[in-house]
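Here are a few exercises on pockets, with the solutions worked through. Have a go at each one before reading on.

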Amino acid sequence: MKRILVTGATGQIGSALVPALRLLYGSNNVLALGHKKNPPGDIAEDGPYGTLDIQDQPQLEKYLAQYNIDTIYHLAAMLSATAERNPQRAWDVNINGLMRVLEVARKFKCSVFHPSSIGAFGPTTPADQTPQVTIQRPVSMYGVSKVTGELLCDYYHSKFNLDTRGVRFPGLISYEMPPGGGTTDYAVDIFYAAVQNKTFHCFLKPDTHLDMMYMPDAVQAAIQIMEADAAKLKYRNAYNITAMSFTPDMLYQEIKKHLPEFTMAYTVGDIRQSIADSWPNSLDDSSARTDWDWQPKFDIESMTTDMLEKLACKLQEK
Ligand code: AKB
């Protein structure tokens with residue numbers, strides 16, 4: 001059985017990934033690490049939980065030794081809008097944090113999952129059906145950190161034979177834990193407004209096309225690539241993956257099919273619009289489909305139905 005450590009376990013992806021990993025590999029085999037002593041939800045009750053500052057390499061090594069870890073899901077990172085507001089800190093968290101994880105993984109011979117993003121692309125990248133291998137000249141600090149992270153994963157694989165694996169996530173939509181500081185966050189925030197009968201003020205223009213994915217598919221992708229046959233993985237930096245591509249207006253229309261009274265207004269003009277404008281409209285994820293059988297389950301219709309239902313239940317429980 002795998003012995004897994006998850007950094008950033010209380011964040012948007014971690015809150016959904018940790019329960020799925022615990023179900024699959026057994027609760028005691030999944031150590032969740034976050035920076036909060038008392039994290040919200042059941043993460044600290046359902047299995048081992050510890051605190052970690054990602055800059056604290058000796059503490060990370062202690063956890064690896066104590067729990068006999070062989071697999072790391074390294075999720076601790078700053079998202080695009082927050083990174084752009086504090087680029088120096090973003091470098092520290094996203095790059096130096098990853099370097100520490102790669103170093104301990106080398107020492108303890110662990111496999112490493114590292115999420116890259118559509119943010120690893122920039123305005124000179126082909127915007128439609130963006131290929132797996134293409135121009136990567138991002139203009140945001142988040143993007144710079146993601147490209148550097150991809151290169152580091154490649155380097156540690158070729159230089160030290162470290163088992164690094166990753167995907168380029170699109171915007172992720174989930175009800176478990178809200179995202180924080182991302183450019184694609186509108187696609188989560190809109191559901192909170194809709195379920196609570198509030199007008200939603202969207203920070204992106206109505207025709208801003210971006211790739212998106214529902215969290216169950218994102219969790220499935222992260223687990224599936226870590227289970228994939230190593231011999232079949234052509235890319236060790238990160239694979240393009242996607243599930244749907246839509247604009248704020250398309251999502252608004254979809255939600256209105258369920259809630260006809262719902263209203264949306266636009267308050268555009270902050271840094272997130274220019275970040276979104278520099279990202280692709282849609283990715284070509286055929287390499288992931290060929291190399292490790294990637295196949296998303298949710299499209300915009302099924303995601304919207306499920307999200308409205310699950311979020312309404314969650315908000316009622318409060
Ligand atoms: C963000 O918006 O920063 C993230 C991402 C697409 O990587 N959700």
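For sorting residues, Ala, Val, Leu, Ile, Met, Phe, Trp, Tyr, Cys and Pro count as nonpolar, Asp, Glu, Lys and Arg as charged, and the others, Gly among them, as polar. Keep in mind that this is a predicted model.

**Exercise 1.** Work out the class make-up of the lining of the second largest pocket.

*Solution.* Start with the space itself: the second largest pocket has a volume of about 450 Å³. Next, collect its lining, which comes to 20 residues, with Ser15, Ala16, Pro19, Asp42 and Glu176 nearest the centre. Sorting that lining by class gives 13 nonpolar, three polar and four charged residues.

**Exercise 2.** Find where the second largest pocket sits relative to the domains.

*Solution.* Begin with the helices: H1 (14–25) and H7 (215–227) are the elements giving two or more residues to the lining of the second largest pocket. H1 has the largest share, at seven residues. Now bring in the domains. The second largest pocket lies between domain 1 (4–170 + 214–240) and domain 2 (171–212 + 243–282 + 297–317), because both give residues to its lining.

**Exercise 3.** Describe the largest pocket and its lining.

*Solution.* First the volume: the largest pocket holds about 1000 Å³ of space. Its lining has 43 residues, and Leu75, Ala76, Ala77, Met78 and Leu79 are the ones nearest the centre. By class, the lining of the largest pocket splits into 20 nonpolar, 18 polar and five charged. Elements that each supply at least two of its residues include strand E2 (30–34), helix H4 (87–108) and helix H5 (141–160). Finally, domain 1 and domain 2 each contribute at least three residues to the lining of the largest pocket.

Technical notes:
Residues numbered from 1 in each chain as written. Predicted model: local features only at pLDDT ≥ 70, side-chain atom pairs only at ≥ 80, totals over all residues. Heavy atoms only, no water. 1 Å grid on protein atoms, 1.4 Å probe; cavity = no way out; pocket = protein on both sides within 12 Å on 5 of 7 lines; lining within 4 Å. Points joined across faces, edges and corners; volume = space filled by probe spheres on them. Helix = DSSP H or I, 4+ residues; strand = E, 2+ residues; numbered from the N terminus. Domains from an automatic or database assignment.
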